[in-house]
Amino acid sequence: MQDTCYQWAVKRGVSRRDFLKLCTATAAMLGLEASAVPKIVHALENKPRLPVIYLHLQECTCCSESFIRSGHPLTSSLILDLISLDYMETLMAPAGEQAEKSKKDILKKGGYLLVVEGSVPTGENGVFCTIGGHTTEDLLREAAENAVAVVAYGTCATDGCVQGASPNPTNAQPVHKIITDKPVIKVSGCPPIAEVITGTVAHYLTFDALPELTPEGRPRAFYEHTIHENCNRRAFFDMGLFVRDFDDEGARQGWCLFMMGCRGPLTKNACAITGFNEGTSYPIKSGHPCLGCAEDGFYDKGCFYEPVSLNAIAETKDYTNLKVAIGTTAGFAVGGALGAVVGTAMYNSHKAKQADGGPQGNAQSDDAAKSDNRSES
């Protein structure tokens, strides 16, 4: 009889107190009510760990790097406590025929979760990516047959990512275009957030059902809100304080990166809440604008360092987020003559000020900067 999640955790030195903390954190992460905590405790105490087969297709392995660094709900050293990772080419000890036999045995039993990293090249009959003489499309179809669900892990698997970008020479396809008779949970991001998988597994073990998904097929608990809504630089956006050069004073002060092409207002992900590397940071917090890597087709959407068009935000037809992104509270005073304006209007006003011979943006003196900040307040 396979160990339950709790039994496995105890063998790894996890105390009862830490186990209960794990269950509480899992419920919070999934957006569940406090009443769900006892159910999660019961499930992880009594149900065996869910077998997982993890396939590598056409990708760069950055998703695996993120996966093994999960910080919540488990510490990184205990990432495997919720699942029984029975096949993963980059981590498993067996190799060659022994490894393939292990996978075949699991495929026959069924009842496993299939995690897929990478896109599926279908051009030239799939010759661009083969494993053991078999195309990745054939391997994917075989592995999905007896799976309880399929997790497309990373933007390569959910959208094709860089391989699927124009002109897409390998005719790379996302997983859901190949597997159409099984639930496909999309965990997008380049790389994605590892905690989404552990949270999804915990939800499945607890309720014998997959978590609620967005219309795009993503776990709602992680992909319902834009990064902008919870961004640590959001206050600077509302005050109209923007970085305009990666080495200017605004960059050193941690101002908003919207003018540097940040796609946070368009991108739905939990980066600003969950973070990466045990919650240490995420790109915007580290000083780089969001590239929108969790959104479909992000590689084909133009220069990463140009300000996002407000029309592009409006085209999402998510007017709640549009209101948040360009909200009426954002004000920016220029020369003491302009009132509150937002988004690119701030940028255009600033350019007009430069053309009139006013202070040259980041070259303005400390006194001028302080004066501007006072007027913005």
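Visitor: Hi! What kind of model is this, and how are residues numbered?

Guide: Hello! This is a predicted model, where local features need pLDDT of at least 70, side-chain atom pairs count only at pLDDT 80 or more, and totals for chains, interfaces and linings use all residues. Residues are numbered from 1 along each chain as its sequence is written, and side-chain values use heavy atoms, with hydrogens and water left out.

Visitor: Great. How many helices and strands are there?

Guide: The protein has 18 helices and nine strands. Those are DSSP runs numbered from the N terminus: helices are H or I with at least four residues, and strands are E with at least two.

Visitor: And what share of the residues is buried?

Guide: Of the 377 residues, 48% are buried. Buried means under 20% relative accessible area, exposed means over 50%, and partly exposed is in between (1.4 Å probe, protein chains only).

Visitor: What about the accessible surface?

Guide: That comes to about 17,600 Å², and 52% of it belongs to carbon and sulfur atoms. Accessible areas come from the Shrake-Rupley method with a 1.4 Å probe, and for residues only the protein chains shown count as cover.

Visitor: Which helix shall we look at?

Guide: Let's take α9, residues 195–207. Helix α9 has 13 residues and spans 18 Å from first C-alpha to last, close to the 18 Å expected at 1.5 Å a residue. The expected span is 1.5 Å times one less than the number of residues.

Visitor: How many of the residues of α9 are buried?

Guide: Eleven of the 13, so α9 is largely enclosed by the rest of the structure. Among the buried ones are E195, H203 and L205, along with T198 and T200.

Visitor: What happens just after α9?

Guide: D208 comes there, with a positive phi of about 55°. D208 is not a glycine, and its place is in the loop between α9 and α10 (220–223).

Visitor: Is D208 buried or exposed?

Guide: D208 is exposed, at a relative accessible area of 56%.

Visitor: Which other non-glycine residue has a positive phi?

Guide: N168 has one, of about 50°. N168 is found in the loop between α7 and β8, and at 18% relative accessibility this residue counts as buried.

Visitor: Switching to prolines: where are the cis peptide bonds?

Guide: One runs from S166 to P167, with omega near 10°. P167 sits in the loop between α7 (155–159) and β8. Another runs from C190 to P191, with omega near 0°, and P191 is in the loop between β9 (184–187) and α9.

Visitor: You mentioned β8. What does Q173 in that strand touch?

Guide: Q173 is found in β8, residues 172–173. Setting aside neighbours within four places in sequence, Q173 is in contact with S119, V120, T122 and I178. Contact means heavy atoms within 4.5 Å.

Visitor: Now charges. How many salt bridges are there?

Guide: A search of the whole structure finds 14. A salt bridge here is a side-chain nitrogen of Lys or Arg within 4 Å of a carboxyl oxygen of Asp or Glu.

Visitor: Where does K101 come in?

Guide: K101 and D105 meet through their side chains in a salt bridge, 3.1 Å from N to O. Being four residues apart in α5 (residues 96–109), they are separated by about one helical turn. K101 is exposed at 53% relative accessibility, while D105 is partly exposed at 32%.

Visitor: Why does that spacing of four places matter for which way residues point?

Guide: An α-helix has 3.6 residues a turn, so residues three or four places apart point the same way.

Visitor: What about R252?

Guide: R252 forms a salt bridge with E249, the closest N and O atoms being 3.3 Å apart. Both lie in α12 (residues 249–253), three residues apart. R252 counts as exposed at 54%, and E249 as partly exposed at 39%.

Visitor: Last one: which residues are linked in a network of salt bridges?

Guide: E212, R220 and E224 are linked that way.
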